[in-house]
Amino acid sequence: MKKLWAPGAFVALIIAIALAAPLLGLADPVKQDVARRLSGAQPGAWLGRDEFGRDVLSRLIWGARMSLAVAFSSSILAGAAGVALGLLGGWFRGLGELFAVRSMDIILCFPPVLLALLVVTLLGPGAGTLILVLSVLYLPGFVRVAYAETLSARSHDYVEAARALGAPTGRILLRTLLPNIAGPLLVQFSLAVAAAVVLESGLSFLGLGVVPPAPSWGLMIRGARATMEQAPMLLVWPCAALTLTILAHAGDAPEAAPD
Amino acid sequence: MTRWLFRRILTSLALAWIVATIVFMTLHLVPGDPAELLLSTGGAATDPAAVAELREKLGLERPLLDQYLSFHSGLTRGDLGNSLVDDYPVASEIALRLPRTLELILAGTALSVVFGMPAGAYAALHRGGRFDRIASATAAFLLAVPVFVLGTLLVLLLAQTLRLMPAGGYTPIAQNPAQHFTLLALPAIAIAKGLAAIVFRMTRASVLDAISRDFVRTARAKGLSPARVLVRHVLRNALTPVLTVLGLQMGTLLGGTVLVEYVFNWPGLSTPLLRAVEARDYPMVVGIVLTISGLFLLINLIMDILYAALDPRVRAS
């Protein structure tokens, strides 16, 4: 377990910086300064300026805010709905189980990026569309984990005891079962956030996610591709930020340790 | 085996039907008039004449059931409708580009198996050694780095800075085979990255599991050569979990090809797909999404058949 504190601390640091973005006295991430486009590092713009003369450090941090906001809101939505469906399916079984759990297999029939592109075609790109698509895509994962854990926990003595004491079903589900299955669900949440960051940046990279000029790591990589000859570092910063964030999230989850 | 196979194929067909139905329904499930939605460009009012024309084109005036049936009969005839942008048949566009996407997927899968499996087996047999540590760390990195980031960095490093490889493009194999495969190399590596890492981890874990089993001890005890024990007993038994994981990862792989083709200008299905999403060219998007999802189902079917061929217990159940 001692290996795990470092990635956890890194995730916490990124979240803290993203939350504190307005307080850090950064330059306006969307303000253009074409006269100083692609200028290198200098006081006031520590990582230089991009192809429109926007401050790269500021865009990196505001981009983290955007990526994490999208990833966390979609994972929370998917988690809330998925846990509800999984708990109900695992507790009541029967027909509800069929609808709540088996129907999720349909979402898994689609390669995720393609389902996302289909929805973007209909609704147009933007953060709202992203949150909707990502929460649908990560719903099955939460349903499966919550369902499997509920099935194995429901016959335990402490659940029987709560039932024998006459606790209402809602109380058993939320106060007895939920806290006991929270561990695997948190792991699932961490995985969903990491996957959402990857997919959000991928779609933004294709120009179909976050709408410019709002900062996003995927958009920054997209923009820097055109100027990689003159300013290769513009490409390296968002790539590094993205990879480190995902690496830290993966390191957070025990799944990453195969032994 | 025949009965099992028959049932498995039937399941795949049923899933394909469900996928097609879901795709058909997405257009009608979103609130509001689909035609108006497709023409809307943030805030600005849509032109009623254009909306009426699009409704006509997509057949939205007809009863829903009627639309659904003609959508399905079109699918069985291989007719996916025409592009809204240039009226070109969607199926012809797909027929032209699908082989190129398939080539990329095949090359990527082959690369990941060729590198991932031996590396995984070697790492397991020399567990904790230098190779194991380096390869495991590399796998963790490859899993974390998004496919388009790796692709872009490969271009930056190998094409832009070192000038070893072309940055991207495509040459038909009939025209210049050498150049064709040079251009295939980088996108195939980018596609293979995640899969190779997963194959590596799975092989390592299942070889580690297999070498401690009784049947391996027995095989050794009866005097089989170490190489024969490894190939016939350890690797054969380690293969099934690897196949399962390959099947499970195909969705991510197919999604990854969209990004990789874009990074390397590989003219597969992703070019018309992205152009169509941007232009809100609904029939084109639906055609390509259905094709790739169908491919996904087909690959999973093939994986399951291979799985059953390797492991008799699957057929029996």
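A residue is buried if 20 or more other C-beta atoms lie within 10 Å of its own, exposed if 12 or fewer, and partly exposed in between, with C-beta atoms placed from the backbone. This is a predicted model, in which local features need pLDDT of at least 70 and side-chain atom pairs count only at pLDDT 80 or more, while totals for chains, interfaces and linings use all residues. Residues are numbered from 1 along each chain as its sequence is written, and chains are lettered from A and ligands numbered from 1 in the order in which they are written.

**View 1. A:A116 in helix α5 of chain A.** The helix covers residues 112–123; helices are DSSP runs of H or I, at least four residues, and strands are runs of E, at least two, numbered from the N terminus. A:A116 counts as buried because 28 other C-beta atoms lie within 10 Å. Beyond its neighbours within four places in sequence, A:A116 is in contact (C-beta atoms, placed from the backbone, within 7 Å) with A:V133, A:L137, A:L199 and A:L203. A:G202 is 86 residues away from A:A116 in sequence, yet the C-alpha atoms are 11 Å apart.

**View 2. A:G86 in helix α2 of chain A.** This helix runs over residues 56–92. A:G86 is buried, with 29 C-beta neighbours inside 10 Å. Residues up to four places away in sequence aside, A:G86 touches A:F142, A:V143, A:V145, A:A146, A:Y147 and A:T150. A:L139 is 53 residues from A:G86 in sequence and 10.0 Å from it, C-alpha to C-alpha.

**View 3. Chain A as a whole.** Chain A holds 11 helices and 0 strands. Of its 259 residues, 46% are buried. Take the contacts between residues at least 6 apart in sequence: 68% join residues at least 24 apart.

**View 4. The largest nonpolar core.** A nonpolar core is a set of buried Ala, Val, Leu, Ile, Met, Phe, Trp, Tyr and Cys residues joined through C-beta atoms within 7 Å. This one has 149 residues, and A:L117, A:A196, B:V285 and B:V289 have the most contacts inside it. Helix α8 of chain B (residues 177–211) gives the largest share of this core, 18 residues. B:V289 touches A:L114, A:L117, A:L118 and B:V23, not counting residues up to four places away in sequence.

**View 5. Helix α7 of chain B, residues 147–161.** The expected span is 1.5 Å times one less than the number of residues. Buried residues in α7(B) include B:V147, B:F148, B:G151 and B:L156. Just after α7(B), B:R163 takes a positive phi of about 55°.

How values were computed: Two residues are in contact if their C-beta atoms, placed from the backbone, lie within 7 Å.
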